[in-house]
Amino acid sequence: MIRKHMRSAVLAWLASVSLVVSAPSARASDLSMLGTWKIVEAVPAPWSRPEERTALTAHGKHLLNMTVTFKPASVQSKFKLFSCKRRVAYEPVELPIDALFQGNLPEPNPTAVALRMGFPRGDVPSIDVKCINAKFTFHFRDKDTVMINLNRVIYIFKRQR
């Protein structure tokens, strides 16, 4: 009786593993920044010091609900640092988890931190947005959610429909 239950449990586990392994994951080249995005959350970065977190939380609130529109040749935003009137370039990249946020995820286990933040296992699809005045790397948590680090604050953007 126990063997039968064990065999059923093992078969169920193998079926779930095969679904995870065969499930299609988004690649950076399949994703796009084009369109309008809204900053919906701002949280202190996981590597920030505990004594900084209150100030970082307050600082992050200044950009909440701001929209950023990514067009083929420009980026429009009320926040000057995100604005780019010409010569914008979008470059898809696949980054290992330990390279997210310029490699700042805390050790000893950056993967665990990334998973808690909602990122998938394995390489994370990202897009470098390059402009004359700045370069940002947007990391995709899913096709409609991206995150960036700006001065030890993680800004979470949601695609607007």
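In the predicted model, Phe-82 makes contact with Ile-39, Val-68, Val-75, Ser-77, Phe-136, Ile-148, Leu-150 and Phe-157, leaving aside residues up to four places away in sequence. Phe-82 also belongs to the largest nonpolar core, a set of 27 residues in which Met-33, Phe-70, Phe-82, Val-129, Phe-138, Tyr-155 and Phe-157 touch the most other members. At least two residues of this core come from each of strand E1 (35–44), E2, E5, E6, strand E7 (145–150) and strand E8 (153–159). Another core lies apart from it and consists of 15 residues, including Ile-97, Phe-101, Ala-114 and Met-147. In soluble globular proteins, nonpolar side chains tend to be buried together.

Read from the N terminus, the order of elements is α-β-α-β-β-β-α-α-β-β-β-β. The protein chain has 161 residues, of which 37% count as buried. Among contacts with a separation of 6 or more, 60% are accounted for by residues 24 or more positions apart.

A search of the whole structure for cavities of 30 Å³ or more returns one. The volume of the largest cavity is about 90 Å³. Its lining is made up of 14 residues, and those nearest the centre are Val-75, Leu-81, Phe-82, Val-129 and Phe-136. Strand E2 (67–70) and E6 each contribute at least two residues to the lining of the largest cavity. By residue class, this lining comprises 12 nonpolar and two polar residues, with no charged ones.

The model contains one disulfide. It joins Cys-84 to Cys-131, with an S to S distance of 1.7 Å. The torsion about the S-S bond of Cys-84 and Cys-131 is about 100°, and the disulfide is therefore right-handed. Cys-84 is located in the loop between strand E3 (75–77) and strand E4 (89–95), whereas Cys-131 is located in the loop between strand E5 (124–130) and strand E6 (135–142), so the pair ties together parts that are 47 residues apart in sequence. Both cysteines fall under the 20% limit for burial: Cys-84 is buried, with a relative accessible area of 2%, and Cys-131 is buried, with a relative accessible area of 18%.

Several features of the backbone were also identified. Most residues other than glycine have a negative phi, and most peptide bonds are trans. The peptide bond from Glu-107 to Pro-108 is cis, with omega near 15°. Pro-108 is situated in the loop between helix H3 (100–103) and helix H4 (110–116). Within helix H3 itself lies Gln-102, a residue other than glycine whose phi is positive, near 55°. Gln-102 is exposed, with a relative accessible area of 55%. A positive phi, near 65°, is likewise found at Arg-152, again a residue other than glycine. Arg-152 occupies the loop between E7 and E8 and is partly exposed, with a relative accessible area of 35%.

Key. Residues are numbered from 1 along each chain as its sequence is written. This is a predicted model: local features need pLDDT of at least 70, side-chain atom pairs count only at pLDDT 80 or more; totals for chains, interfaces and linings use all residues. Side-chain values use heavy atoms; hydrogens and water are left out. A disulfide is a pair of cysteine sulfur atoms within 2.5 Å. Helices (H or I, at least four residues) and strands (E, at least two) are DSSP runs, numbered from the N terminus. Buried means under 20% relative accessible area, exposed over 50%, partly exposed in between (1.4 Å probe, protein chains only). On a 1 Å grid over the protein atoms alone, a cavity is a set of points where a 1.4 Å probe fits but cannot get out, and a pocket is an open set with protein on both sides within 12 Å along at least five of seven lines; lining residues have an atom within 4 Å of a point. Grid points are joined across faces, edges and corners, and a volume is the space filled by probe spheres set on the points. Ala, Val, Leu, Ile, Met, Phe, Trp, Tyr, Cys and Pro count as nonpolar, Asp, Glu, Lys and Arg as charged, and the others, Gly among them, as polar. A nonpolar core is a set of buried Ala, Val, Leu, Ile, Met, Phe, Trp, Tyr and Cys residues joined through side-chain atoms within 4.5 Å. Contact means heavy atoms within 4.5 Å.
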